[in-house]
2 protein chains.
Amino acid sequence: MKIQVVTNVLAANERIADENRSLFAAKRIYVINLMSSPGAGKTSLVEKTILALRNRFRIGVIEGDIQSTQDADRVAALDIPVVQINTGGGCHLDANMVREALASLDIDKLDLLIVENVGNLVCPAEFQIGEDAKVMILSTAEGADKPLKYPLIFQESSVMLLNKIDLLPYLDFDVEKARKASLSLNPDLEIFPVSCRTGEGLAGWFDWLGKRVAAAREGKTR
Amino acid sequence: MKIQVVTNVLAANERIADENRSLFAAKRIYVINLMSSPGAGKTSLVEKTILALRNRFRIGVIEGDIQSTQDADRVAALDIPVVQINTGGGCHLDANMVREALASLDIDKLDLLIVENVGNLVCPAEFQIGEDAKVMILSTAEGADKPLKYPLIFQESSVMLLNKIDLLPYLDFDVEKARKASLSLNPDLEIFPVSCRTGEGLAGWFDWLGKRVAAAREGKTR
């Protein structure tokens, strides 16, 4: 009976996610679902991505947090339209929360929507929100054993940003081990070693994302 | 109806947690439920704690992970009895999983049981397992804004180990901000700034824990 409940919840979520996806396609908006552990650097990546791409694309952000508007405040400071979802204890965003948040955004004026999920390496990966791509961040400070311990998020993601590479001299993190373990779970995973702090490596990510947002805007194959 | 289900699940869990708690008290075992984000240093803390206290107390460990036995392997290498729980996707341990794991431990021969939860700053804090104390780790690499964004775990914990203080020179982490925010949520929280890597600060934690394990063994007030 417990399994039945979970199945229904996921199926119901999937239906709303499909509706969101159709809406985004009709509006030619490219949507990413950004996921990671707490403190891996999601909001810093959002800030850097906005600064890099704002001259080419119209960007909007949905911030997911259990409570507080700290992340939305950081985005709003960049003069970018942002909606904060407070889950009130909930450990992930779902498609319905995103749909509700869309009512507070002028989506006719967006090319790229970044949805920053609740900091959690487990539950967010289970819930579609209608995104074009799931993008995850792994922080070097978390250790190279994470792919094999939290496999679903690595399997579901299109991109992994390996963040905080500026800390590598002070850690025992094995980049090759993390890369191999991640690719063993998902051979198609695009991996970008980056530092949001120094900017190192971010150009590759901006290029990956910019191409896709441009293609979506032109109505090409998503 | 959805809320009804959640209420029942938590109430059912609470009953089993109470049974676990009675069993631990009868056996005079002190039990900690160790929680943190992925990669904050739970297993490293378990290893250091074993090495520091193994001459005084008989220690057992339950390792919770979504999959893999990597953490249990590290504990077993220290010749300590350990049971691995694989949740198979589940984002937290519950009281029943711990009860099942107890069948594989000779609890008549333990003074201290360390339960390492799944790496997740959200869900584990909602589920009692029959522990004497919840102990959490916050990594300096995660940032000082975490208490206000993930309040429940700070409210539920008796101890917070602020780990990876050896990285402070390379981070923008504000220790006082994190301390104040944590205490604003939980004025009784004991905070130990530590580095599992260098050993700095761990003596205070060993002393805190050692006193409580000794008291439990002697049948004093828990």
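Reply: Two residues are said to be in contact if their C-beta atoms, placed from the backbone, lie within 7 Å. By that criterion, among contacts in chain A between residues at least 6 apart in sequence, 75% join residues at least 24 apart. The model is a predicted one, in which local features need pLDDT of at least 70, side-chain atom pairs count only at pLDDT 80 or more, and totals for chains, interfaces and linings use all residues. Residues are numbered from 1 along each chain as its sequence is written, while chains are lettered from A and ligands numbered from 1 in the order in which they are written.

Chain A has eight helices and seven strands; here helices (H or I, at least four residues) and strands (E, at least two) are DSSP runs, numbered from the N terminus. The radius of gyration of chain A, taken over C-alpha atoms, is 17 Å, which agrees with the value near 17 Å for a compact globule of 222 residues; the globule rule is 2.2 Å times the number of residues to the power 0.38. Of these 222 residues, 46% are buried. A residue counts as buried if 20 or more other C-beta atoms lie within 10 Å of its own, as exposed if 12 or fewer do, and as partly exposed in between, with C-beta atoms placed from the backbone.

An open sheet of seven strands in chain B has the order β3-β2-β4-β1-β5-β6-β7, with parallel pairing; two strands pair if DSSP finds at least two bridges between them. At the edges are β3 (82-86) and β7 (190-193) of chain B, each of which pairs on one side only. From one strand to the next, the twist averages 20 degrees.

On one side, β5(B), residues 133-139, is joined by five bridges to the parallel strand β1(B), residues 30-36. Leu34(B) has Val135(B) as its bridge partner, and Ser36(B) stands opposite Ile137(B). Five bridges also join β5(B) to β6(B), again in parallel, where Ile137(B) stands opposite Leu161(B). Six of the seven residues of β5(B) are buried, so that the strand is mostly covered.

Helix α7 (residues 175-185) of chain B lies across β5, β6 and β7 of that chain and runs at about 160 degrees to β7(B). For such angles, axes are lines fitted to C-alpha atoms, for helices over the stretch in contact, and the values run from 0 to 180 degrees between N-to-C directions.

The same surface serves both copies, as 100% of the contact residues of chain A recur in chain B.
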